Structure formats: structure tokens, C-alpha cells
Amino acid sequence: MIDLKDAALFLRICETGNLTRAAQLSDVSPSTLSRTLTKLEKDLNVRLCYRDQKGIVITKAGRLFERFAKDSLRNFNLLKRSLAQDIAPVSGNIKIYCSVSASYIFIPRLLSELRLIHPDLEISLETGDPANALNFLNHDGIDFVIAPKPAVIDDSIDSVDLISFPLAMIAPRTPAYPLKGYDGDNVTLSAVPMVLPERGKLRTDIEDYFRAHHARICVYSQVAGHEAIVNLVALGFGLAIVPRVIVDLSPFKNDVVILNRPDLPCFDVALCNLKARSQEPCIKAIYQLARTIAPTFASDLRSRRISGL
């Protein structure tokens with residue numbers, strides 16, 4: 001018999017492609033997650049994934065089970081809501097601040113699930129630079145933010161881990177002129193011009209990466225918003241490090257190339273709200289919904305990319 005909690009853990013494995021990272025996001029030990037995976041494979045009598053030093057590769061059977069797990073978790077949540085006849089309906093408006101890319105990735109799923117579970121609760125959006133997102137929780141009218149999750153999050157904030165994206169180093173496919181320190185996959189970190197975010201978690205991650213390689217950053221330009229970084233690289237002004245999904249969603253994705261940098265970290269994104277408001281019915285409803293569907297965001301995004309998002 002398949003346990004829904006085990007199914008949710010498997011979805012985390014599909015999302016991250018890394019057993020250790022999936023265990024961290026699921027708040028279990030890697031050994032516990034490994035035993036869960038072994039148990040699932042034994043119960044289903046199939047190999048769900050292959051593990052090696054580079055990470056995890058999901059098999060065809062694993063992808064089928066991934067779809068089953070996603071549908072099962074969604075249906076179970078709907079059943080719980082249907083059985084809770086004594087719970088008063090939640091109504092009102094929730095405003096979420098996020099980047100343009102986050103609005104493409106997360107909001108459609110939140111809205112579709114919300115219509116089924118809380119049809120009288122509405123979501124409105126404000127988009128902007130993700131580097132500033134957490135600060136907007138203190139602004140009037142902003143109830144939630146979808147933001148890069150810092151290594152240490154403030155005690156005043158509740159968060160739901162939504163997805164973990166790999167970071168990618170990108171270069172112009174056809175540079176308008178030679179770029180110092182760049183020759184195909186050969187990159188001299190201390191010499192190559194870099195397009196950087198002005199501030200925020202991504203900026204910190206990039207600085208940490210260069211520091212770990214004992215390299216200084218040669219800054220060509222600093223911009224607000226991750227999407228604009230891809231645009232400048234596509235135009236040939238320098239290299240950059242951005243979440244891979246930003247490249248996948250960019251209209252300039254065919255004008256950049258992704259370089260082989262396997263040691264780049266992942267980039268975690270979370271839905272955040274103020275703890276002081278956590279018991280408000282509207283806030284509680286969105287928070288609980290996000291926790292339920294969070295393990296399915298990676299597979300949902302993958303299917304939408306395949307279908308041409």
C-alpha cells in the first residue's frame with residue numbers, strides 16, 4: 001500500500017534530482033528518504049530512479065509514478081475539504097508580491113486549486129524585483145510574497161518551500177565582440193565580464209561562488225530583476241549566473257548558451273507571510289493550500305515547459 005507521505009517525498013526527489021537536497025527540503029534524514037525510496041520500489045516492483053555520484057535520474061516508471069503521486073495528493077486534499085462540512089467558507093482577497101517569472105510558474109496552479117477549494121477567495125498580484133520581495137511583507141496590502149529563501153529566515157516569517165531551481169551560468173550564443181576571459185566552455189572567472197543582480201539572494205550566491213573559487217568579480221552591469229539579466233547576456237555584454245528556469249522562460253533563451261558549471265548551487269523559492277497574521281482565515285487557507293501542492297510544482301512546471309510554455 002502506497003503512503004501519501006511517501007509519494008510526497010518522491011515528488012521532492014523528482015524536483016531536486018538530489019537525495020540529500022530532497023531530504024533537506026522534506027525535513028527528513030537522507031537515510032530515511034533512501035529507505036522510503038527503496039520501499040516504494042519494492043511495493044511497486046519497479047525501479048523508479050537510478051542513483052550515481054552526479055545525482056538521480058528518474059526512470060520511465062518513475063515518471064509515471066510521479067504523475068500518479070501528484071494526482072493523488074491533489075485528490076486527497078480535495079477529499080479532505082469536501083468532508084469538512086463544518087468549516088465556514090473562506091472569502092476575501094489575498095495580494096501576493098512576486099517576480100514576473102514567479103507569476104508564470106506558481107500563480108496558475110494556486111488559482112486553479114483555489115477555485116476548487118475556496119471559490120470565494122480571490123488572489124491579486126503585484127510584480128517586481130524578487131530581491132526586495134521579503135521587505136514587502138511589511139507594506140500595507142501585501143499578504144504573501146514569493147521570494148528567494150535566504151539561508152536564515154527571520155523568526156517573524158512563516159514560509160512554505162515551493163521549489164528548488166538549479167543555477168546556470170549563461171553566455172551569449174554569438175557574442176558581438178570577443179569577451180575577455182571567455183572562450184567556449186573555458187571561463188576565467190576573474191577576467192570575464194559579469195552581469196549581476198543589484199542585490200538579494202542571487203547576488204549573495206554569486207559572490208559566494210566566486211569567493212569559493214578565489215576569484216574577484218569583474219562587474220559589467222548590475223540590474224534589477226532576473227529576467228533582464230538574460231536579455232543583456234543575449235545581447236553579448238557579458239556572462240551571468242541565473243536560475244535555470246529564468247533562461248527556460250525567457251524569450252531570449254535561444255540567444256544564450258548554458259555553460260558546464262556542475263558546482264553551482266541550487267536556488268530555493270518559498271511562499272512567505274508574517275507569523276503575526278498566520279491565524280487569519282484567508283492567510284491560513286493560502287498557507288495550507290501551498291503546503292499541500294508544493295511537492296507537485298516541479299512536475300507541473302516540467303509538463304508546462306514540454307507543452308510549450
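Helix axes are taken here as lines fitted to C-alpha atoms over the stretch in contact, with angles running from 0 to 180 degrees between N-to-C directions. In this predicted model, the axes of helix H6 (residues 107–117) and helix H10 (residues 281–293) cross at roughly 115 degrees and come within 11 Å. The crossing of H6 past H10 is right-handed. On the H6 side the contact involves Arg109, Leu110, Glu113, Leu114 and Ile117, and on the H10 side Ile286, Leu289 and Ile293. Of these residues, six are nonpolar and two charged, with no polar residue.

Asp6, Leu9, Phe10 and Ile13 of H1 meet Leu33, Thr36, Leu37, Lys39 and Leu40 of H3. The contact of H1 with H3 comprises six nonpolar residues, one polar and two charged. Phe10 also belongs to an aromatic cluster, together with Phe65 and Phe68.

With ring centres within 6.5 Å taken as the criterion for pairing, the count of aromatic pairs is five. In the pair of Tyr220 and Phe237, the ring centres lie 5.5 Å apart and the planes are at 10 degrees, so the pair is stacked. Tyr220 is located in strand E10 (residues 218–223) and Phe237 in the loop between helix H8 (226–234) and strand E11 (240–243); the pair therefore ties together parts that are 17 residues apart in sequence. Tyr220 is partly exposed, at 42% relative accessibility. Phe237 is likewise partly exposed, with a relative accessible area of 26%.

How values were computed:
Residues are numbered from 1 along each chain as its sequence is written. This is a predicted model: local features need pLDDT of at least 70, side-chain atom pairs count only at pLDDT 80 or more; totals for chains, interfaces and linings use all residues. Side-chain values use heavy atoms; hydrogens and water are left out. Contact means heavy atoms within 4.5 Å. Helices (H or I, at least four residues) and strands (E, at least two) are DSSP runs, numbered from the N terminus. Ala, Val, Leu, Ile, Met, Phe, Trp, Tyr, Cys and Pro count as nonpolar, Asp, Glu, Lys and Arg as charged, and the others, Gly among them, as polar. A crossing is left-handed if the near helix is turned anticlockwise from the far one by less than a right angle, and right-handed if clockwise. Rings of Phe, Tyr and Trp (its six-membered ring) pair if their centres lie within 6.5 Å; planes under 30 degrees apart count as stacked, over 60 as edge-to-face and the rest as tilted. Buried means under 20% relative accessible area, exposed over 50%, partly exposed in between (1.4 Å probe, protein chains only).
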